[in-house]
Amino acid sequence: MLDKIRPYIDLVSNNQDYRRLWLSQIISNFGDWFGILAVYALITKYSDSEFLLGLIIVVKMMSLATFSPFAGYITDRFDRRHLMILCDMLRGVIVLGLLLVVSYETLWLAYVLTALQMMLSAIFEPAKTSSIPNVTTEKELVDANVLSAASWSIIFTIGMGIGGLATAGLGTDLVFIINAISYVLSAWFIYRAVIPQKKMDAAERKRTRNPLTGIREGFQYLFRTHKVLRPTLAKGCFTMFLGALTYMLILVSEDVLMMGSVGLGLLYSARGMGTGIGPVIGRRIFNQESDWVRAMGFCMIFAGLMYSVVGLTTSLGIMLLFVFIAHAASGANWVMSTVLLQRRTPDTFRGRIFSTEWLLFTLGQSASVMVASWILENDLLTIQQAMVVFALGLFVTGIVWHFTISEQEQLYQERKKELRN
């Protein structure tokens, strides 16, 4: 067991710059999950509208999506370390601004502040992901991303649970203050890290002074560089159906299991643990990076099959097992696509590529949730029927991926071999 975790222990022990970036991620992610339930509680406190509660989720997703292209341009043009520090400090101030929401009349402020917080996250996340290759060696890169994914899943599970208890026990105001402090701590760790970055040359900086030019060049680079485009599509294709499936877990817990928040907590814990362990398992099964694009299609097929079982059963134990396995496949897909993008994308384009990937992921997730909610709202399918339909959709997407994207990747790998020989 110790041999399996030794590379991760060595990475954190010996690479202090990655360690500081990683600790920053842990702290800021904890603050995000810790505080989100307090925002929901604030809305329900001053309004009993289900529409207003759903609207905050839409605001979060659309703020990320619409600002992502500009955020990518910023993270390529300016110093990422300075940007992450600035984003953390501003997010801390914004979270404190939620203390001003004290009535139904001031509830609008929660939506404005949440939108601003998500816009800053749209800068922070691609800046962080783009920086990982700059603070790790080629050999450390995969371990660094596996550790980041595992940390996210653990923090997701713990942060949501503690956040719910803290909101109920301490009140929303104190939770927002703790959330703000977490951002300040995150900024402090980044401040202490040395994060190299390849800068745009003088000609490119002059040419891309207009943000629209820089954004357009990012898209042009992506669509003409197919080896980068292929892994960029992976998360968006996955979440076109997985987004709806994770949303429907809420309804399954309420209407199928009849367990309310307890059942949801268990299902989401299984989701978080699967996301964390999946990259470790996936790395052992697919130990050659040349096979990873093909593996992404297998992950879609496998996750679709697992969620179809979730939709066909009413047993909590079976659901927990198959949700865990499905999200293990999702976690493996996430890390494999991230590492390939980090390896294949030049530093000066990396921010724009990762922000585009985040844009596709966000749009895919939003669209799938909207379609699923419309189907269920109009009673076109039961919850379990809808889950099976979306699970089969993910399965079919994996099949299509296998015969299109995987085939193109195979040709690319064969050409690489010919050139080496």
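This note sets out points on helix packing and on individual residues in the structure above.

1. Basis of the model. The model is predicted, so local features need pLDDT of at least 70 and side-chain atom pairs count only at pLDDT 80 or more, while totals for chains, interfaces and linings use all residues. Residues are numbered from 1 along each chain as its sequence is written, and side-chain values use heavy atoms, with hydrogens and water left out. Helices (H or I, at least four residues) and strands (E, at least two) are DSSP runs, numbered from the N terminus.

2. H10 with H14. Helix H10 (residues 226-256) packs against helix H14 (residues 347-377) at an angle of about 30°, and their axes are 7 Å apart. Axes are lines fitted to C-alpha atoms, for helices over the stretch in contact, and angles run from 0 to 180 degrees between N-to-C directions. H10 and H14 are therefore roughly parallel to each other; angles under 35 degrees count as roughly parallel, over 145 as roughly antiparallel, 65 to 115 as roughly perpendicular and the rest as oblique. The crossing of H10 and H14 is right-handed (a crossing is left-handed if the near helix is turned anticlockwise from the far one by less than a right angle, and right-handed if clockwise). In the contact of H10 with H14 there are 15 nonpolar, eight polar and two charged residues. Here Ala, Val, Leu, Ile, Met, Phe, Trp, Tyr, Cys and Pro count as nonpolar, Asp, Glu, Lys and Arg as charged, and the others, Gly among them, as polar.

3. H10 with H12. The axes of H10 and helix H12 (residues 292-312) come within 10 Å and cross at roughly 10°. H10 and H12 are therefore roughly parallel to each other. From H10 the contact (heavy atoms within 4.5 Å) involves residues including Pro-231, Phe-238, Leu-242 and Leu-249, and from H12 residues including Met-296, Cys-299 and Tyr-307. The residues of the contact of H10 with H12 comprise 12 nonpolar, one polar and no charged.

4. H4 with H5. Helix H4 (residues 80-97) and H5 have axes that come within 9 Å and cross at roughly 160°. That makes H4 roughly antiparallel to H5. The crossing of H4 and H5 is left-handed. Among the residues that meet are Arg-80, Leu-83, Met-84 and Ile-94 in H4, and Leu-109, Leu-113, Gln-117 and Phe-124 in H5. The contact of H4 with H5 divides into 13 nonpolar, five polar and four charged residues.

5. Asn-134. This residue is placed in the loop between helix H5 (108-131) and helix H6 (138-170). A polar atom of the side chain of Asn-134 lies 3.0 Å from the backbone oxygen of Pro-196. Not counting residues up to four places away in sequence, Asn-134 touches Arg-80, Pro-196, Gln-197, Asp-347 and Arg-350.

6. Thr-356. Thr-356 lies in helix H14. Thr-356 is buried, with a relative accessible area of 9%; buried means under 20% relative accessible area, exposed over 50%, partly exposed in between (1.4 Å probe, protein chains only). The side chain of Thr-356 reaches the backbone oxygen of Arg-352 at 2.8 Å. Residues up to four places away in sequence aside, Thr-356 touches Phe-219 and Leu-222.

7. Two loop residues with positive phi. Most residues other than glycine have a negative phi, and most peptide bonds are trans. Met-258, in the loop between H10 and helix H11 (260-285), has a phi near 55°, a positive value in a residue other than glycine. Met-258 is exposed, with a relative accessible area of 63%. Asp-379, in the loop between H14 and helix H15 (383-403), likewise has a positive phi, near 55°. Asp-379 is exposed, with a relative accessible area of 66%.

8. Gly-317 is found in helix H13 (residues 316-344) and counts as partly exposed at 48% relative accessibility. Gly-317 and Leu-266 are 51 residues apart in sequence and 10.0 Å apart in space, C-alpha to C-alpha. Glu-407 is in helix H16 (residues 405-420) and is partly exposed, with a relative accessible area of 41%. The C-alpha atoms of Glu-407 and Val-371 are separated by 30 Å, with the two residues 36 apart along the chain.

Conventions: A polar contact is a pair of N or O atoms within 3.5 Å; within protein, one must be able to donate a hydrogen and the other to accept it, and residues adjacent in sequence count only if both atoms are side-chain atoms.
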